[in-house]
Number of protein chains: 2
Amino acid sequence: MSTKNKILDAAENLFADKGFNGTSLREITSQAEVNLAAVNYHFGSKKELIKAVMSRYMNELSPRLESALIDVCRNDELSLVDVFSAFIEPLLSLNDFKDNGTSNFLQLLGRGYTDSQGFLRWFLTTQYPGVIDNFVLAVQKAYPELGAEEMFWRLHFTMGTVVFTMSSSDALIDIAKSDFERSLQISDVIRNVIPYVAAGVGAPMPQL
Amino acid sequence: MSTKNKILDAAENLFADKGFNGTSLREITSQAEVNLAAVNYHFGSKKELIKAVMSRYMNELSPRLESALIDVCRNDELSLVDVFSAFIEPLLSLNDFKDNGTSNFLQLLGRGYTDSQGFLRWFLTTQYPGVIDNFVLAVQKAYPELGAEEMFWRLHFTMGTVVFTMSSSDALIDIAKSDFERSLQISDVIRNVIPYVAAGVGAPMPQL
DNA sequence: CGTTATTTTAAACGCTTGTTTAAACTGACT
DNA sequence: AGTCAGTTTAAACAAGCGTTTAAAATAACG
């Protein structure tokens with residue numbers, strides 16, 4: 001395992017757990033068992049390291065996500081549940097790519113939206129616009145009556161639901177375990193969240 | 001205006017904008033135009049200052065919220081939209097209490113859930129349990145068929161939607177402004193989010 | 001007025017942060 | 001063996017952090 005990858009793996013886990021601001025380079029290099037200066041040697045700066053961690057996932061995910069969304073659009077009786085279900089397989093495939101990949105990535109996404117006054121949001125929307133574009137197209141086909149402004153809000157609400165849920169999914173799964181006395185997986189969360197966001201996006205238009 | 005309140009006001013605005021971890025005491029005292037040591041003199045520590053900022057809002061909000069939820073439960077044909085609409089007036093009343101009160105408070109709530117590994121979540125759920133209890137009762141009355149487990153998940157999804165949206169509401173409002181070329185308020189966000197979460201919580205039960 | 005008590009102040013404390021430096025080491029190619 | 005690029009290392013850097021100290025200023029009260 002190369003120094004570069006040791007740093008990326010350690011940084012990913014710590015970033016997901018404690019946020020970007022909350023994780024120091026010394027924690028990362030200590031967990032990766034490499035020298036402190038190695039981060040700046042291989043990545044240049046902490047900010048570039050954050051980008052590298054996110055890019056590793058996005059490069060894996062975005063083509064799968066795009067083609068899954070294009071595929072689902074071929075369905076002529078497309079429902080919103082179909083659209084959101086298209087995310088499941090690409091997201092779960094991140095677990096093959098790396099241990100805890102799915103939940104790490106979703107937590108990182110959540111961190112990126114609230115930490116670091118939005119520079120990661122800029123990074124994602126400008127570097128990977130294809131995912132968002134195809135997603136909007138799919139929602140439009142499944143719910144053509146939805147106006148552009150309502151679409152805008154509801155997609156952001158959906159992003160919030162998913163990102164917040166996943167960034168605290170470990171805690172939620174623990175609470176749910178002790179409350180309902182049965183073991184739960186990340187797939188249980190996904191199974192529950194899809195009807196929720198599908199119904200939210202598909203809500204009737206609000207009267208003005 | 002007392003030193004204590006000058007600190008609270010400055011801290012509130014900066015915390016809402018840049019998060020708890022992202023705001024230093026020196027920024028706060030400089031904006032409040034008081035001495036750096038005044039924070040530790042009046043509040044003891046930064047953590048206690050955070051609690052004080054949140055308490056100032058919760059003490060104002062929680063009784064209004066509780067009675068609004070109890071009131072709405074008297075409705076015999078209670079809908080989920082009714083339940084969520086019960087939040088509007090108490091939340092907007094924070095604007096009378098303080099400039100930008102509503103949006104500051106909701107942003108702080110969002111920060112508290114993602115910053116500071118959940119100590120604020122513990123603080124709110126243990127110090128103000130009446131709000132949550134009455135909210136659950138109202139949802140149960142509006143949608144009795146909803147099972148306990150689905151209720152658990154959907155209330156957390158809703159919390160995620162609201163908290164995430166509000167913690168980035170300034171950015172969202174800016175984007176929406178430039179996209180739709182009209183000015184937007186926090187009340188526009190609220191008007192859009194209620195049908196969304198009401199439909200999400202009211203979604204049909206997922207088939208197993 | 002004089003004497004407490006409360007509040008404000010400037011300065012320093014010890015610590016952590018991201019980054020840089022320059023020397024040491026590594027492995028491959030001539 | 002000798003050279004040289006690539007990599008790793010220990011040490012230091014300046015800057016920022018939350019907190020503490022002790023003296024100065026202000027307020028309150030007999």
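In this predicted model, B:N100 sits in the loop that joins α7 (94–97) to α8 (101–114) of chain B. Most residues other than glycine have a negative phi. B:N100, however, has a positive phi of about 60° although it is not a glycine. With a relative accessibility of 48%, B:N100 counts as partly exposed, because exposed means over 50%.

B:E33 counts as exposed, since its relative accessibility is 69%.

Next comes a helix pair within chain B. Helix α4 (residues 46–72) and helix α10 (residues 129–142) of chain B have axes that come within 9 Å and cross at roughly 20°. Because angles under 35 degrees count as roughly parallel, α4(B) is roughly parallel to α10(B). The crossing of these two helices is left-handed. On the α4(B) side, the contact is made by B:S62, B:L65, B:E66, B:L69 and B:I70, while α10(B) brings in B:G130, B:V131, B:N134, B:F135 and B:A138. Sorted by class, the residues of this contact are 6 nonpolar, 3 polar and 1 charged.

Then there is the meeting of the two chains. Here 43 residues of chain B touch 41 residues of chain A. Between them, the chains bury about 3,900 Å², with 71% of that area on carbon and sulfur atoms. On the chain B side, the residues that lose the most area to chain A are B:W153, B:F164 and B:Y196, which together account for 21% of what that side buries.

The crossing of α11(A) with α12(B) is right-handed. Chain A supplies A:A148, A:E149, A:F152, A:W153 and A:H156 of α11(A) to the contact, and chain B supplies B:L172, B:I173, B:I175, B:A176 and B:F180 of α12(B). By class, that contact comes out as 8 nonpolar residues, 1 polar and 1 charged.

Methods. Residues are numbered from 1 along each chain as its sequence is written. Chains are lettered from A and ligands numbered from 1 in the order in which they are written. This is a predicted model: local features need pLDDT of at least 70, side-chain atom pairs count only at pLDDT 80 or more; totals for chains, interfaces and linings use all residues. Side-chain values use heavy atoms; hydrogens and water are left out. Axes are lines fitted to C-alpha atoms, for helices over the stretch in contact, and angles run from 0 to 180 degrees between N-to-C directions. Helices (H or I, at least four residues) and strands (E, at least two) are DSSP runs, numbered from the N terminus. Angles under 35 degrees count as roughly parallel, over 145 as roughly antiparallel, 65 to 115 as roughly perpendicular and the rest as oblique. A crossing is left-handed if the near helix is turned anticlockwise from the far one by less than a right angle, and right-handed if clockwise. Contact means heavy atoms within 4.5 Å. Ala, Val, Leu, Ile, Met, Phe, Trp, Tyr, Cys and Pro count as nonpolar, Asp, Glu, Lys and Arg as charged, and the others, Gly among them, as polar. Buried means under 20% relative accessible area, exposed over 50%, partly exposed in between (1.4 Å probe, protein chains only). Buried area is the accessible area (1.4 Å probe) that two parts lose on being put together, summed over both.
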